[in-house]
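I opened this entry to keep track of what I looked up, sheet by sheet and residue by residue.

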Amino acid sequence: MKRSLALVAILGLLTLSDAAAQSQSAPQVLRIVKGKSAVVTFPERIKTMSLADQTVIDVVSITPTDAVVIGKEEGVTSLYIWGESGRYQEYEAKVDRAVTSQQVVLEVQMAEFNRTKFTDIGFDFLLNSTDNSILANGEKALGSYSGEVTVPDPLVRNIFAQEGVTGIVKWVGPNGTAQLAIRALEEKGVLRLLANPRLVCLSDEEASFLVGGEIPVPIPGQASFGGMMNIAIEWKEFGVKLTFTPTIVDSNLVRLKIAPEVSSLDYSNTVSFAGWDIPAIHTRRVSGTVELNSTQSVVLGGLTASETHSIERKVPILGHIPLLGILFTKKQKTTQENELLIVVTPRIIETMANEVIPPLPGTLEDEDESKDSGEPETQGAVDGQGSGEVKP
């Protein structure tokens, strides 16, 4: 009986040791760079391999005991390899992004041309008469200031040349005067706004900048316990915004995804909410992908917006009389045209190691180098004021 129990115990130990030999409790970590490969050597002939996620890595058997693991996408997955004896090994494969010393400098030049044309036309006239044969005895006056050229003065009964008056026509007769003031102005202006930012980013990483601002917009929420509505504030960006995503394709080739956006506030189309006057936002955006050699430039143009505002004021009835109606009419017309021009130049640069970077003037490292080289150290005041001391 004792021999039988001993035999059973020995068989159990052999079974446990065999099971432990067939499996490994701790998985081995396998680190691979995206787009690179690594060779895994198994201690015996490989029978079966299994992958948990084929989008992260791929495995190819090249010899009976060797397999090549290829990194496809960033991530972590499990790899199992079985041998002919039934023994298997678990691998934790981690795929990292390729570490490169190259980065991309984006040099941006941006110009906005604002072409504005303003036209203002108006007429004011005044008639004075002392002819007693017209209507009745006494001095009589008839005039119109609908053109808003001058300011009427009932005491003087005269039209003077003042600011805003383009010309005056005056007729003096024996029994009265006739005066006409004219405003006929045309203004043209060109406004040029420039920005020249420089951005540094890694390959396949997004970079952006904004020249403008943010406007608070109230967002209604759920009603509170007292019945009052909770209002949250959300900030909306406006202005000139550029987003870039450079990808280094070759040692001198960059694939560049560009997405410029131009927006402005429109207070002529506002929405009132809870005491807030929220303006509309005019937006122009475009996107595209190009390939450039390092230091080559791409020009984006054609982002044009044109607005025309026309105001016409007339005296009722008199302003609609043919030909004579122009004397009782004021016209203003404003034409504004905005065009955005963007020049982008990508440049591939190499990062510098710490031992290569020269010390800045005035730093501790620079002072140590000065002492080692035997250069004199000078202490004193500026512009010759005060005393100084020179140490050899």
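**Model.** I am working with a predicted model.

**Four-stranded sheet.** I began with strand order. Four strands make an open sheet, which I read as β1-β7-β6-β3. The pairing in this sheet is mixed. I then looked for the edges. They are β1 (28-33) and β3 (46-51). Each has a single partner strand, so one side of each is left without a neighbour in the sheet. From one strand to the next, I noted an average twist of 25°.

I followed β1 to its partner. β1 and β7 (residues 88-96) run parallel and are joined by six bridges.

**Three-stranded sheet.** Next I turned to the open sheet with the order β2-β5-β4. Its three strands pair in antiparallel fashion. I marked β2 (37-41) and β4 (57-61) as the edge strands, each pairing on one side only. Ignoring direction, neighbouring strands here are turned by 25° against each other on average.

I counted the links between β4 and β5. Five bridges join these antiparallel strands. Val60 faces Val68 of β5 across the pair.

**Asp66.** I stayed with β5, which spans residues 66-71 and includes Asp66. Is Asp66 buried or exposed? I found Asp66 buried, and without a salt bridge. Which side chain of opposite charge is nearest to Asp66? I traced it to Arg45, 11 Å away. A salt bridge would need the nitrogen and the carboxyl oxygen within 4 Å.

I then looked for a polar partner. The side chain of Asp66 makes a polar contact of 2.9 Å with that of Thr41. I also listed contacts, leaving out neighbours within four places in sequence. Asp66 touches Val39, Val40, Thr41, Ile46 and Ser61.

**Positive phi.** Last, I checked backbone angles in two loops. Asp204 has phi near 70°, a positive value in a residue other than glycine. I placed Asp204 in the loop between β12 (198-201) and β13 (207-223). Is Asp204 buried or exposed? Asp204 counts as exposed because its relative accessibility is 51%, and the cut-off is over 50%.

Thr295 is not a glycine either, yet has a positive phi of about 75°. I found Thr295 in the loop between β17 (288-293) and β18 (298-314). Its relative accessibility is 52%, so I logged Thr295 as exposed.

Methods:
Residues are numbered from 1 along each chain as its sequence is written. This is a predicted model: local features need pLDDT of at least 70, side-chain atom pairs count only at pLDDT 80 or more; totals for chains, interfaces and linings use all residues. Side-chain values use heavy atoms; hydrogens and water are left out. Buried means under 20% relative accessible area, exposed over 50%, partly exposed in between (1.4 Å probe, protein chains only). Lys and Arg count as positive and Asp and Glu as negative; His and the chain ends are not counted. A polar contact is a pair of N or O atoms within 3.5 Å; within protein, one must be able to donate a hydrogen and the other to accept it, and residues adjacent in sequence count only if both atoms are side-chain atoms. Contact means heavy atoms within 4.5 Å. Two strands pair if DSSP finds at least two bridges between them. Axes are lines fitted to C-alpha atoms, for helices over the stretch in contact, and angles run from 0 to 180 degrees between N-to-C directions.
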